[in-house]
Amino acid sequence: MQRLIVEGRAIEAPAASSILQAFVQAGETLVAGVGCMGQGVCGSCRVMVRRAGQQEVKTELACETVVEDGMQVSFIDYLTPSTHHVYRIEDIADSWQAPRKLLEIFPEAPHCRHCSGCDRACPKGLEVQRGVNLAVEGELNASAQVFDECVMCNLCTLACPEHIGPNHLGLFVRRMVASLSLRPADLMRRLEQIERGDMAIDFDAPGAQPPR
């Protein structure tokens, strides 16, 4: 059994448990800071973690981090960014407009201090700073790949001294690249089959949801 402190409470948990599992098994009822409950895809269970014998505090996801003896854990409340980036993806008609639009919507992006705070804050280990810099340079496809596994936990946004909102920039780049790129080949073939009448749509099929 591993002994740790979560939210000021001393608990014990099997060595293979995640922080989230350990806290629930200790009898806590979680009403905030949880979402996918163990899949590591929603970014809700943000925690600050200090391991035994270390002074550094790291930000991680409670559902993915395995408990350790002497670990101290505190959940982080969800904080709404003070800067809001408003846009309509359909207003970007072609890829020629993309780099200019990005700088209009995220004017803070070129001011990156290269402090790597966003990289250290990312619980997924993404090269967040590199993704931001690629976007500023107009390398949008490469930037979108960097942010492909982003779970929008907002920790990089909280860590950024320039209030860039790296995860929101990454989401914008991914949306823009998807909207200006070819759709998946299998989807296009299926739509063509439907248009030609080769494949009929049965709205009365079991489980179908007819449009209203």
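Which residue just after α4 takes a positive phi? That would be Gly 138, with a phi of about 90°. Keep in mind that what you are looking at is a predicted model. Across the protein chain the pLDDT averages 87, and 93% of the residues score at least 70. Among its elements, α4 has the highest mean pLDDT, at 96, while helix α8 (residues 185-196) has the lowest, at 81.

**Helix α4 and its surroundings**

Let's stay with α4 for a moment. The buried ones are Val 128, Gln 129, Gly 131, Val 132, Asn 133, Leu 134 and Ala 135. What do they pack against? Their partners are the helices α2 (98-105), α3 (117-121), α5 (140-146), α6 (155-159) and α7 (166-180).

In soluble globular proteins, nonpolar side chains tend to be buried together. Here, the largest nonpolar core has 25 residues. Leu 102, Leu 140, Leu 169, Phe 172 and Val 173 have the most contacts inside this core. Two or more residues come from each of α2, α4, α5 and α7, and α7 gives the most, with 5 residues.

Val 173 is a handy place to start exploring. Leaving aside neighbours within four places in sequence, Val 173 is in contact with Leu 102, Ala 135, Leu 140, Ser 143 and Ala 144. Apart from this core lies another one, of 23 residues, including Leu 20, Ala 22, Leu 61 and Val 73.

Ala 144 also turns up in another pairing. The C-alpha atoms of Ala 144 and Ala 178 are 9.4 Å apart in space, though the two residues are 34 residues apart in sequence. Ala 178 is found in helix α7. Is Ala 178 buried or partly exposed? Its relative accessibility is 46%, so Ala 178 counts as partly exposed.

**The sheet**

Now for the strands. There are 5 of them in an open sheet, ordered β2-β1-β5-β3-β4, with mixed pairing. The edges are β2 (9-13) and β4 (58-61), each of which pairs on one side only. From one strand to the next, the twist averages 35°.

How do β1 and β2 run relative to each other, parallel or antiparallel? They run antiparallel, and 5 bridges join β1 (residues 2-6) to β2. To trace this pairing by eye, find Leu 4, whose bridge partner in β2 is Ile 11. Arg 3 has a β2 partner as well, namely Glu 12. The hairpin of β1 and β2 has 2 residues between the strands, and in this hairpin Glu 7 takes a positive phi near 55°.

**Cysteines**

A disulfide is a covalent bond between the sulfur atoms of two cysteines. How many disulfides does this model have? The count comes to 0. Take Cys 160: the closest cysteine sulfur belongs to Cys 115 and is 6.6 Å away, too far for a bond. A pair of sulfur atoms would have to be within 2.5 Å to count as a disulfide.

| Cysteine | Relative accessible area | Class |
|---|---|---|
| Cys 42 | 25% | partly exposed |
| Cys 150 | 18% | buried |
| Cys 160 | 12% | buried |

Cys 150 is found in the loop between α5 and α6. Leaving aside neighbours within four places in sequence, Cys 150 is in contact with Leu 126, Asn 167 and Arg 174. His 168 is 18 residues away from Cys 150 along the chain, and their C-alpha atoms are separated by 9.7 Å.

With a relative accessible area of 23%, Met 152 is partly exposed.

Which loop does His 114 lie in? His 114 lies in the one between α2 and α3. His 114 is not a glycine, yet its phi is positive, at about 55°.

Terms used:
Residues numbered from 1 in each chain as written. Predicted model: local features only at pLDDT ≥ 70, side-chain atom pairs only at ≥ 80, totals over all residues. Heavy atoms only, no water. Pairing = 2+ DSSP bridges. Helix = DSSP H or I, 4+ residues; strand = E, 2+ residues; numbered from the N terminus. Axes fitted to C-alpha atoms, helices over the stretch in contact; angles between N-to-C directions. Buried < 20%, exposed > 50% of the residue type's maximum accessible area, 1.4 Å probe, protein only. Contact = heavy atoms within 4.5 Å. Core = buried A, V, L, I, M, F, W, Y, C linked by side-chain atoms within 4.5 Å. pLDDT = per-residue confidence, 0-100.
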